[in-house]
Amino acid sequence: MVEREYSGGKPVHRVTMKEILSTHFFHSFDFCKDDIERRPSENLGQVLFGERIETSPYKFSFKKEEKCHKLCTKTYVNGKTEDKDMLDFLKRGMQLNYQHHWIVDNMPVTWCYDVEDSQKYCNPGFPIGCLVTIDGRVKDACVINSEFNKKNTFYIFNHVDIKITYHNGEGEGWSGARLVAATLEPKSINNADADKPTCEGPPMEVPGVFTSDVKITYTYSVTFQENNAIKWASRWDYILVSMPHTNIQWFSIMNSLVIVLFLSGMVAMIMLRTLHKDIARYNQVDQEDLIKAPPPQGKSIFYEDAQEESGWKQVHGDVFRPPRKGMLLSVFLGQGTQIFIMTFITLFLACLGFLSPANRGALMTCSVVLWVLLGTPAGYVSARLYKTFGGEKWKTNVLLTALLCPGIVFADFFLMNLILWVEGSSAAIPFGTLVAILALWFGISVPLTFIGAYFGFKKPAIEQPVRTNQIPRQIPEQSFFTKPIPGIVMGGILPFGCIFIQLFFILNSIWSHQMYYMFGFLFLVFIILLITCSEATILLCYFHLCAEDYHWWWRSFLTSGFTAAYLFVYAFHYFFSKLQIVGAASTILYFGYTSIMVLIFFLFTGTIGFFACFWFVNKIYSVVKVD
């Protein structure tokens with residue numbers, strides 16, 4: 001039961017695990033069930049993240065303490081196939097570190113324990129049990145109790161001591177009491193008398209080999225503590241301060257700022273020194289000398305010595321030649337614009353506190369709704385650029401903008417959901433929710449994309465500062481570093497260097513069920529990434545133009561977009577170094593969802609690099625006089 005003002009209640013919960021990408025309903029493990037099972041309403045973000053909540057049999061009333069209250073006793077009879085399968089499933093969950101996630105009054109019930117350097121970590125989940133392996137190795141939660149020492153034995157946490165901390169309203173301007181913290185301590189207790197448990201005794205052992213009947217009695221105790229020092233508005237602080245340290249976040253920011261300063265210095269040197277010098281020298285050519293010694297027939301106003309020094313001037317007649325596959329590029333840029341605006345607004349709202357962890361599923365819900373409503377900018381940008389490229393198949397352009405990238409994401413998501421259905425996971429999206437997502441896509445996003453494309457095609461094509469020659473200029477032999485592939489590969493290194501530390505915390509929040517709340521840091525990293533992608537792309541674009549290679553359209557998109565390739569490599573490294581994934585299905589799920597993230601990040605960063613380079617090229621060629 002989830003209530004805003006705490007007057008008593010019971011935890012609602014689900015079961016997840018860290019080492020396999022699957023969640024299960026609470027009753028799947030044959031735990032004690034609530035007499036009347038109810039499911040609170042869930043928003044779109046909670047359903048998409050697999051946060052399926054159900055009511056719990058752990059019931060208590062405000063200030064009414066419980067001591068060793070019995071829930072139920074589960075008996076598994078040796079020789080009974082159904083009981084053996086259920087017990088094997090329970091042991092499998094302990095082996096794979098499945099975790100309870102309980103909620104009371106919208107607060108996670110946390111398990112707080114000491115870690116290194118005498119610091120306390122409050123985990124919003126706790127394991128259902130632990131395992132001592134056949135060779136005596138202690139895994140995970142078994143380290144909390146020295147009595148867990150029997151080889152090839154599982155120890156189930158069948159008892160919890162719950163402590164509810166409340167504020168009585170003193171000095172807050174309201175009467176009554178409100179919950180400000182909920183903690184528990186899991187214990188394994190073998191109650192000899194299942195009818196009258198005492199919650200004392202040796203640990204509850206579940207043998208690795210099922211040779212005799214097993215009885216598990218589930219109990220709990222509840223205590224209440226008044227603490228007016230913790231304000232209700234800041235009740236999440238004790239959880240969040242135990243999350244990854246802030247000084248690491250500051251290190252990430254400083255690392256990113258150093259990269260930005262380096263790139264800014266390089267760009268400033270090019271813009272203020274080299275370019276300014278070239279343009280000034282060229283534009284100040286004595287017109288009388290030109291009359292006395294005009295350039296050879298068929299040549300532009302550029303001199304040979306200037307050509308040798310400033311090769312970017314020579315390609316003025318080809319620099320705005322429409323790219324190959326302009327249709328696909330315009331579609332990618334339309335979708336990238338949609339993702340960029342969605343990301344900016346979502347992070348801005350998160351910084352203001354509207355999308356805090358207390359609002360479950362709000363972050364994903366906000367992102368999906370914004371993406372749906374931002375179909376108009378996607379259609380407009382795609383249509384306008386496609387028209388600038390000289391394209392005429394406007395119907396195909398609109399359809400691809402509305403369906404191509406969203407279709408790839410939905411197809412991947414649907415395949416992952418099929419695997420979750422087959423696995424019987426509670427994270428599987430219900431069929432009704434899939435229909436609702438399709439309705440949002442085709443009922444709102446697609447029509448808005450058509451409206452944006454309509455206005456985009458009505459506008460004239462973007463006017464270029466120089467004319468394009470009819471005959472393409474031959475590109476001279478390029479050095480290794482100015483060839484397309486080396487340049488693209490190098491272009492993604494610096495932007496990725498700005499985000500890789502922050503990326504670690506984001507992946508932890510997704511795959512390891514840790515809360516992510518430092519949206520101020522993330523927004524700052526977002527701005528730094530925006531600047532870095534822009535400057536890195538401009539820098540490499542300038543070098544390529546100086547080498548008289550005018551194929552910059554796709555290269556500018558792919559240079560910063562290649563940051564997504566490094567993201568995938570890092571996710572690959574994270575999979576093998578930080579996670580302990582078990583099973584082919586979980587591996588497919590991890591890389592399937594990672595592919596969606598990589599595609600979205602590719603469109604996002606590629607769009608930033610393209611428009612930065614587009615502005616740069618227009619700027620430098622608009623200030624040079626061309627014959």
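S221 lies in strand β17, which spans residues 214–226, where strands are DSSP runs of E with at least two residues and helices are runs of H or I with at least four, both numbered from the N terminus. This is a predicted model, in which local features need pLDDT of at least 70, side-chain atom pairs count only at pLDDT 80 or more, and totals for chains, interfaces and linings use all residues. Residues are numbered from 1 along each chain as its sequence is written, and side-chain values use heavy atoms, with hydrogens and water left out.

Because its relative accessibility is 8%, S221 counts as buried, a term that means under 20% relative accessible area, with over 50% called exposed and the range in between partly exposed (1.4 Å probe, protein chains only). Leaving aside residues up to four places away in sequence, S221 touches E66, K67, C68, H159, V160, D161 and I162, contact meaning heavy atoms within 4.5 Å.

Turning to the whole chain, there are 17 helices and 17 strands, and 52% of the 627 residues count as buried. Among contacts with a separation of 6 or more, 80% join residues 24 or more positions apart.

Finally, consider a pair of helices: the axes of α13 (residues 493–511) and α16 (residues 563–577) come within 10 Å and cross at roughly 40°. That angle makes α13 oblique to α16, since angles under 35 degrees count as roughly parallel, over 145 as roughly antiparallel, 65 to 115 as roughly perpendicular and the rest as oblique. The contact is made by residues including F496, F500 and W511 of α13 and Y566, L567 and Y570 of α16.

Note on methods: Axes fitted to C-alpha atoms, helices over the stretch in contact; angles between N-to-C directions.
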